[in-house]
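Subject: Structure handover

Hello,

I am passing this structure on to you, with my notes placed after it. Please look through it before you read on.

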Amino acid sequence: MIKTDIIIIGAGPVGLFTVFEAGLLKLKCHLIDALPQPGGQCAEIYPKKPIYDIPGYPSIIASELVEKLMKQIEPFNPGFTLGETAQTIEKGSDGDFIIHTSQGTAHKAPVVAIAGGLGVFTPRKPPIENLSIFEKDNVHYIVKEPAIFNDKNIVISGGGDSALDWALYFAENFAASVKLIHRSENFRAHNDSVQKALEYANDGKIEMILNSQVSGISKNNDQIVLGVDSKNNEKFNITCDHWLPLFGLTPKLGPMGDWGLEIQKNAIKVDNSTDYSTNIDGIYAIGDVNTYQGKLKLILCGFHEAAIMVQSAFKKIYPNKNNVLKYTTVTGIKGF
Ligand SMILES: Cc1cc2nc3c(=O)[nH]c(=O)nc-3n(C[C@H](O)[C@H](O)[C@H](O)COP(=O)(O)OP(=O)(O)OC[C@H]3O[C@@H](n4cnc5c(N)ncnc54)[C@H](O)[C@@H]3O)c2cc1C
């Protein structure tokens with residue numbers, strides 16, 4: 001049984017920063033994440049993209065932000081259970097929460113901070129038979145290492161931000177060719193990206209295939225052949241090295257949806273007028289996973305929520321102790 005002060009579910013940027021804020025109050029944390037590495041969406045969805053709205057950083061690459069957060073929490077020596085999903089929660093006889101993961105690892109703490117973001121990541125996959133055979137080498141739902149696409153012929157499917165952003169990125173960065181297939185003529189992405197993609201299509205940097213979708217896939221040596229159907233009943237094949245069907249992630253709260261928490265629009269309802277507590281005493285929800293009026297799903301908002309939440313957690317764990325806010329410029333960082 002792993003025992004700690006705060007069990008944090010989710011090692012995304014918000015979960016990681018919670019360790020820091022809790023550490024300043026001498027509270028120990030243990031993080032559980034279904035992914036094999038920390039960083040949440042930053043590490044899993046857009047590790048190589050620059051973020052422009054982290055205070056103090058005019059621009060920072062997402063994976064670099066995760067590295068810096070990991071460095072920042074190092075003095076507080078947090079525990080990690082990675083690659084395991086927090087599955088069940090129960091209350092022990094002493095009032096502490098006990099959380100078991102999908103692999104059976106048990107964790108115990110008086111406070112639980114859910115920083116589960118979008119929940120357990122599940123990409124929306126196109127309904128094509130045998131797709132899984134190609135997922136190891138040629139079909140990717142997330143771009144983790146852009147360098148593997150250098151000098152390759154890439155086909156991207158989708159009409160949202162992710163599809164457009166990566167089409168632009170690869171058109172600008174060393175791909176041999178980029179084709180963008182979209183089932184309609186209207187895009188859901190930001191206007192700027194759509195305008196730029198249309199310019200690139202005019203300049204021949206991206207080939208746009210609209211009103212069409214991929215309906216089949218087969219192997220041709222190291223390459224793949226995509227069967228494409230257009231709305232006006234044309235059928236044709238495209239041979240390429242990689243196919244990226246980027247239809248987004250299905251937001252699934254996963255097991256946490258069955259823990260008796262108040263859920264609204266697939267997110268956990270919290271009291272933002274006080275401390276981001278949920279309807280269950282001792283369980284908080286911070287970052288993308290929570291909802292309240294005016295909620296913004298931004299990293300900096302999650303950081304703020306973490307700072308407020310740990311103050312409340314401290315009072316819960318040490319009801320008789322008085323905590324006075326001290327600046328780090330005065331106290332420095334004293335780890336465990
Ligand atoms: C393409 C893209 C670009 C973005 N750009 C920006 C930007 O420029 N600026 C900005 O502020 N925000 C941006 N965001 C949003 C930002 O990434 C999120 O606000 C941020 O990641 C939320 O952090 P989090 O820690 O709350 O959740 P997440 O990063 O989603 O991490 C949650 C973690 O919880 C884990 N988890 C969930 N359920 C369980 C469970 N039951 N058991 C174990 N683990 C679990 C998940 O595996 C995940 O690792 C962007 C998002 C995307 C997709």
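The notes below go from the overall layout to the ligand, the cores and a few local features.

The model is predicted: local features need pLDDT of at least 70, side-chain atom pairs count only at pLDDT 80 or more, and totals for chains, interfaces and linings use all residues. Residue numbers start from 1 along each chain as its sequence is written.

Overall layout

The protein has eight helices and 21 strands. Helices (H or I, at least four residues) and strands (E, at least two) are DSSP runs, numbered from the N terminus. Along the principal axes, the C-alpha atoms fill a box of roughly 75 × 40 × 35 Å. The domain assignment, which is automatic or from a database, gives domain 1 (2–121 + 250–331) and domain 2 (131–245). Their C-alpha centres lie 35 Å apart.

Of the 336 residues, 38% are buried. Buried means that 20 or more other C-beta atoms, placed from the backbone, lie within 10 Å of the residue's own; 12 or fewer means exposed, and in between is partly exposed. Among contacts between residues at least 6 apart in sequence, 63% join residues at least 24 apart; a contact has C-beta atoms, placed from the backbone, within 7 Å.

The ligand

The ligand is surrounded by 39 residues, and the closest are Gly-10, Gly-12, Gly-40, Gly-117 and Gly-287. A residue belongs here if its C-beta atom, placed from the backbone, lies within 6 Å of the molecule. Two or more residues of this shell come from each of helix H1 (13–24), strand S3 (29–33), helix H2 (40–44) and helix H7 (299–317). By type, the shell holds 22 nonpolar, 13 polar and four charged residues. Nonpolar covers Ala, Val, Leu, Ile, Met, Phe, Trp, Tyr, Cys and Pro, charged covers Asp, Glu, Lys and Arg, and the others, Gly among them, are polar.

The cores

A nonpolar core is a set of buried Ala, Val, Leu, Ile, Met, Phe, Trp, Tyr and Cys residues joined through C-beta atoms within 7 Å. The largest has 53 residues, and Ile-6, Ala-113 and Ile-114 have the most contacts inside it. H7 gives the most to this core, with seven residues. A second, separate core has 28 residues, including Ile-154, Ile-156, Phe-187 and Ile-206.

Beyond its neighbours within four places in sequence, Ile-114 is in contact with Ile-9, Gly-10, Met-256, Ile-268, Ile-283, Tyr-284, Ala-285 and Val-289.

His-30

His-30 is in strand S3. Because 20 other C-beta atoms lie within 10 Å, His-30 is buried. Not counting residues up to four places away in sequence, His-30 touches Ile-2, Thr-4, Ile-7, Pro-78, Gly-79 and His-107.

Nine of the twelve residues are buried, so H5 is largely enclosed by the rest of the structure. Its buried residues, among them Trp-166 and Phe-170, pack against strand S11 (153–157), strand S12 (177–181), H6 and strand S17 (242–245). Phe-174, which follows H5, has a positive phi near 70°.

Helix H6 (residues 191–202) reaches 17 Å from its first C-alpha to its last, close to the expected 16 Å. Just after H6, Gly-204 has a positive phi of about 80°.

Regards

Methods: Expected span 1.5 Å × (residues − 1). Contact = placed C-beta atoms within 7 Å.
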